[in-house]
Amino acid sequence: PASRGWYNFLSVFCSVLLFGFLILSMYIIIGMPVSILGSVSNGQVFTSINIRQLKIIYTFLFILAGLKAIYPFLKTWLVSIFAPRIFETTSLQEALYAAIPLLIAGLAVYLICKAFKKGYKLQQEHDLTV
């Protein structure tokens, strides 16, 4: 049992964190790919900025997949601290299965990033020889 003031503080704090995470997620998942597409349409395909943004995207996707896989167990652990165990936790197989789409998306972006790195190196070599 927590006091009313502590409950209000935690409620506002969690709401602010959730709102910030949602804005950051939208920027990474929507804003960065749009930025990359914009630079590609301007003819600046293999740039260090595009590579850095791709790294941020695939790292975010891998972290999100990991969080999605461990969330059911973390939730069960946190609830068991404050309440008796009244529900069953999901199995490890179900948790990992739920994270597969994010892992596949992260792997696809990782492979695209590797291709951009190779293109960037080739472009740098070409620019130095001309």
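Start at Asn 50, which touches Ile 36, Ser 39, Val 40, Gln 44, Val 45 and Phe 116, leaving out residues up to four places away in sequence. Touching, or contact, means heavy atoms within 4.5 Å. The model is predicted: local features need pLDDT of at least 70, side-chain atom pairs count only at pLDDT 80 or more, and totals for chains, interfaces and linings use all residues. Residues are numbered from 1 along each chain as its sequence is written, and side-chain values use heavy atoms, with hydrogens and water left out.

Asn 50 lies in helix H2. Helices here are DSSP runs of H or I with at least four residues, while strands are E runs of at least two, and both are numbered from the N terminus. Is Asn 50 buried or exposed? Asn 50 counts as buried, because its relative accessibility is 2%. The cut-offs are simple: buried is under 20% relative accessible area, exposed is over 50%, and partly exposed is in between (1.4 Å probe, protein chains only). The side chain of Asn 50 also reaches the backbone oxygen of Val 45, at 2.8 Å.

Now take Ser 39, one of the residues that Asn 50 touches. Ser 39 sits in helix H1. Its relative accessible area is 12%, so Ser 39 is buried. Apart from residues up to four places away in sequence, Ser 39 touches Gln 44, Val 45 and Asn 50.

Go back to helix H2 for Gln 53. Gln 53 is buried too, because its relative accessible area is 10%. Setting aside neighbours within four places in sequence, Gln 53 is in contact with Met 32, Ser 35 and Ile 36. Gln 53 and Leu 24 are 29 residues apart in sequence, and their C-alpha atoms are 13 Å apart in space.

Next comes the core. A nonpolar core is a set of buried Ala, Val, Leu, Ile, Met, Phe, Trp, Tyr and Cys residues, joined through side-chain atoms within 4.5 Å. The largest one has 16 residues. Leu 54, Ile 57, Leu 61, Val 109 and Cys 113 have the most contacts inside it. Which elements give two or more residues to this core? They are helix H1 (4–41), helix H2 (48–82) and helix H3 (92–129). H2 supplies the largest share, eight residues.

Look at Val 109. Beyond its neighbours within four places in sequence, Val 109 is in contact with Leu 54, Ile 57, Tyr 58 and Leu 61. Leu 102 is found in helix H3. Leu 102 and Leu 18 are 84 residues apart along the chain, and 20 Å separates their C-alpha atoms.

Leu 10 is found in helix H1. Leu 10 is partly exposed, because its relative accessible area is 34%.

Terms used: Polar contact = N/O pair within 3.5 Å; in protein donor to acceptor, adjacent residues only side chain to side chain.
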